[in-house]
Amino acid sequence: MEKKILLVAFYNKKAIGVRYLENALTEAEYTVRTVFFKDFNSVNPQKATPKELLLLRNDIKKQNPVLICLSVMSSMYLE
């Protein structure tokens, strides 16, 4: 059985911690897919659109991961 993990970084394309985790998991022979979901905009933050959520949901179904990890810069963006 393939060990698939999906990492989702919300509002942070740099996501250094996520990139370190991705590398460590890959070295541990997991199959890792990372999704960078929406870009950060501190001036005019936007909620996820229904289309963006659908695309994410479809990606999760397609990947069928054993684990999904979420990363956010701040809890105020976790709506």
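**A charge over a ring**

Which residue lies over the face of Tyr 30, and at what distance from the ring centre? It is Lys 3, at 4.4 Å from the ring centre. A charge counts as sitting over a ring if NZ of Lys or CZ of Arg is within 6 Å of the ring centre and within 35 degrees of the ring normal.

**About the model**

This is a predicted model, in which local features need pLDDT of at least 70, side-chain atom pairs count only at pLDDT 80 or more, and totals for chains, interfaces and linings use all residues. Residues are numbered from 1 along each chain as its sequence is written, and side-chain values use heavy atoms, with hydrogens and water left out.

The protein chain has a mean pLDDT (the predictor's confidence in each residue, from 0 to 100) of 82, and 82% of its residues reach 70 or more. Helices (H or I, at least four residues) and strands (E, at least two) are DSSP runs, numbered from the N terminus.

Seven residues make up the largest nonpolar core: Ile 5, Leu 7, Ala 9, Ala 15, Val 18, Leu 25 and Val 32. Strand E1 (4-10) and helix H1 (16-27) are the elements that give two or more residues to this core, and E1 supplies the largest share, three residues. A second, separate core has six residues, including Leu 6, Val 8, Phe 10 and Leu 56.

A nonpolar core here is a set of buried Ala, Val, Leu, Ile, Met, Phe, Trp, Tyr and Cys residues joined through side-chain atoms within 4.5 Å. Buried means under 20% relative accessible area, exposed over 50%, and partly exposed in between (1.4 Å probe, protein chains only).

Asp 59 lies in helix H2 and counts as buried because its relative accessibility is 13%. Its side chain is joined to that of Arg 33 by a polar contact of 3.0 Å. Such a contact is a pair of N or O atoms within 3.5 Å; within protein, one must be able to donate a hydrogen and the other to accept it, and residues adjacent in sequence count only if both atoms are side-chain atoms. Leaving aside neighbours within four places in sequence, Asp 59 is in contact with Arg 33 and Val 35.

Gln 63 is also found in helix H2, and it counts as buried because its relative accessibility is 18%. Gln 63 touches Lys 4 and Arg 33, again not counting residues up to four places away in sequence.

Conventions: Contact = heavy atoms within 4.5 Å.
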